[in-house]
Amino acid sequence: MNERRNQTPKHNYQTPKAQIKTFPFLRILSHQFKTKNMKRLILALAIIGNAIISIAQSHVELDTLNESTFKYKLYYENGQLEEEGYWSNGKNIGEFKRYHENGNLAQAFNFNKEGRRFGVQRYFYSNGNIQFIGNWEEGKISGKANEFDELGQVEETKLFIDGKLYSKI
């Protein structure tokens, strides 16, 4: 039996809010856009430190859609797009995509207006082949999910109910 099947996948697809922890400064920015107070925004960025200011100036693009929602793009140091999505009131909403450093899609999924994942979620290997595909309901994986090897062949099929593994098929 393939040992890789017993290992945790590269992306923890059972933790829907993991990517939010990666970019805590977005929560601060979201709050500042909500209050529409530019002085507070500048002060918050100064308090966070020069490292975040540098990231915000050279590796992040923000497009304000309204007082509490904006579209963002994060870039790798090589200039390649790393992540793009919509942020509102401290959480991702709508379509979300993350990319490998080579430019190939790494993750694609959707968030509802409450910031919970829903619908078909996909993860990809850096070679562009599908790694995982499953369905989410109210932020939890639900139903049949498939894991693939790097050549695109199904390695394992699992059945999830209410976010928990029910059985391997």
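The predicted model has a mean pLDDT of 75, and 66% of the residues of the protein reach 70 or more; pLDDT is the predictor's confidence in each residue, on a scale from 0 to 100. Among the elements, strand β9 (residues 143-148) has the highest mean value, 96, while helix α1 (residues 18-22) has the lowest, 37. Over residues 1-25 the pLDDT is below 50, although this stretch has 44 contacts in the model beyond near neighbours in sequence, a contact being heavy atoms within 4.5 Å. Residues 43-58 also stay under 50, with eleven contacts beyond four places in sequence. Where pLDDT is low, the predicted coordinates should not be read in detail.

Residues are numbered from 1 along each chain as its sequence is written, and side-chain values use heavy atoms, with hydrogens and water left out. Because this is a predicted model, local features need pLDDT of at least 70 and side-chain atom pairs count only at pLDDT 80 or more, whereas totals for chains, interfaces and linings use all residues.

The protein contains four helices and eleven strands, taken as DSSP runs (helices H or I, at least four residues; strands E, at least two) and numbered from the N terminus. Of its 169 residues, 38% count as buried; buried means under 20% relative accessible area, exposed over 50%, and partly exposed in between (1.4 Å probe, protein chains only). The accessible surface comes to about 10,000 Å², and carbon and sulfur atoms account for 49% of this area, as computed by the Shrake-Rupley method with a 1.4 Å probe. Among contacts with a separation of 6 or more, 26% join residues 24 or more positions apart.

In soluble globular proteins, nonpolar side chains tend to be buried together.

Charged side chains form seven salt bridges, each defined by a side-chain nitrogen of Lys or Arg within 4 Å of a carboxyl oxygen of Asp or Glu. One network of salt bridges links E147, E156, K158 and K168. K168 is partly exposed at 49% relative accessible area, whereas E156 is buried at 11%. E156 also meets K158 in a salt bridge (3.8 Å, N to O), and K158 is buried as well. Elsewhere, K97 and E95 are joined by a salt bridge (3.5 Å, N to O); K97 is partly exposed at 25% relative accessibility, as is E95 at 43%.

Two backbone positions deserve a look. Most residues other than glycine have a negative phi. N89, however, has a positive phi of about 50° and sits in the loop between β3 (81-88) and β4 (91-99), where N89 is partly exposed at 39% relative accessibility. D162 likewise has a positive phi, near 50°; this residue is found in the loop between β10 and β11 and counts as exposed at 51% relative accessibility.
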